[in-house]
Amino acid sequence: MAMKIAIIGAGISGLTAAHALARDGHQVEIFERDNGVGGLISTFDFDGTRIERYYHFLCGGDHGYTQLCETLGLASRIKFTKAPTGFFYEGREYGFSTPLDLLRFTPIPLMQRVRFGIFALEARLKNEWAQLDEIPARPWLIDRIGLRAYEVIWHPLLSLKFGQQYEQISAAWIWHRLHRVARSKGKMGYLEGGTGLLLDTLLADIEAHGGTVHTNAPVKAIATQGEKVQGLVLENGQTVEFDRVVSTVPLSVLADMLPGHDAYAQQLRRIQYIGVVCAIFKLKKPVTNNFWLNINDRRTPCNGIIEYTNLNPLGKNDNHIVYVPYYVATDNPLYSRSDEDVFRQSWAALQLINPGLRDSDLIAHRVFRSTHAQAICPTNFLRMIPEQVSPIQGLRLLDSIFLYPEDRTQSGLILHALTCARGI
């Protein structure tokens, strides 16, 4: 039986769910707060280049992304290549892609380099992770690879990203970061035509099957009668009736949309998030030859840069695209700094890495922010995750936390959205 279904949020989860539900014959409407679609994979015109506000890439096991592209006729555009990674430690750049690179990584003792290599291999082969949910990442990493290796390689990632909460992050979350990349065996992927092509094709498919996408349409509340969904209340005061509601917004945001369901809302608010500030540069030349460069240098507060065009070369007139991300809590002073300050700090970091960069090499730059970039995953996070089928009849949840211990990949979100649609 066809139903009238509302989806809150037009990110990859919401669009994928809408695509599947509309194809099944349901009447689907998406409500998006922003003036465009995509959420964290949204795109913008960067001095003539359509590019994502925040970087993304594919790994070899990202089957959900491939499955969606096959349905949309885009599978032939998925490309994989060897994407070199590096490590910039205290003023010097090292290769960090191969076992030989690791053996040459002199900032840590030889035996700890060997231990790290064995550790990465085990992460690729290991699939059982539930017990790691109960263990803090920091002591687990020190035990497995040694104190010096932890301080050089992992401490900047944890401490800069999670601030005062870094010692509570679960080992399971770290394990999956290693597992996904190691399983891909050095190959990274991208969609020829970019995320913009995927978003355009998804939108066209949704509309072709009768779905509707409303932008600039924030949702104020989910209307319920007792423990059953009745529809949505929009910020403009309009109430729209629906048989089912799928929420793809962060759970703490959803909690504010549930008046009269205080106990359930409080459960959802247990999940905390960090934000992201991301500076993007278009340059006349690359900073390095790496796609991903980890950074541990006391002179800069960023812990990595992503040179997107070293993975996806784009067009000959698109020059070189570089992302400098800062994952921070929204109450961190960095989150509130002006775009100009973030640009200056980030440009200085790029010139520290490559002293040959001149101001004349800078073509364009932008800074973007998002308040809910990633959930914080402390130990025993599994116990905090609510059911995707909520106790409010007719309400289903989609959020990156349901990927745990996976780290909010497009592919994982697509698979969960398709599963959600099948369940409905």
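Reader: What should I know about the ground rules?

Author: It's a predicted model, so local features need pLDDT of at least 70 and side-chain atom pairs count only at pLDDT 80 or more, while totals for chains, interfaces and linings use all residues. Residues are numbered from 1 along each chain as its sequence is written, and side-chain values use heavy atoms, with hydrogens and water left out.

Reader: Which residues form the nonpolar patch on the surface?

Author: Patches take residues with over 30% relative accessible area and no salt bridge, and nonpolar side chains (Val, Leu, Ile, Met, Phe, Trp, Tyr) are joined within 5 Å, like charges within 9 Å. A salt bridge puts a side-chain nitrogen of Lys or Arg within 4 Å of a carboxyl oxygen of Asp or Glu. Here the patch is Leu 100, Leu 103, Leu 110, Met 111, Val 114 and Ile 118, with about 540 Å² of accessible area together (Shrake-Rupley, 1.4 Å probe, with only the protein chains shown as cover for residues). Two elements give two or more residues, α3 (99-103) and α4 (110-125), and α4 gives the most, with 4.

Reader: How many bridges pair β10 with β11?

Author: Strands are DSSP runs of E, at least two residues, and helices are H or I runs of at least four, numbered from the N terminus. Two strands pair if DSSP finds at least two bridges between them. β10 (219-225) and β11 (228-234) are antiparallel over 6 bridges, with Ile 222 partnering Leu 232. Their hairpin has 2 residues between the strands, and Gly 226 in the turn has a positive phi of about 65°.

Reader: What does β11 do on the β12 side?

Author: β11 runs antiparallel to β12 (239-241), joined by 3 bridges; Leu 232 has Val 240 as its partner there. That hairpin has 4 residues between the strands, and Gly 237 takes a positive phi near 95°.

Reader: How many disulfides does a search of the whole structure find?

Author: A disulfide is a covalent bond between the sulfur atoms of two cysteines; the cut-off is a pair of cysteine sulfur atoms within 2.5 Å. The search finds 0. Cys 59 is in none, and its nearest cysteine sulfur, that of Cys 69, is 15 Å away, too far for a bond. Cys 59 is buried at 1% relative accessible area, and Cys 69 is buried at 1%.

Key. Buried < 20%, exposed > 50% of the residue type's maximum accessible area, 1.4 Å probe, protein only.
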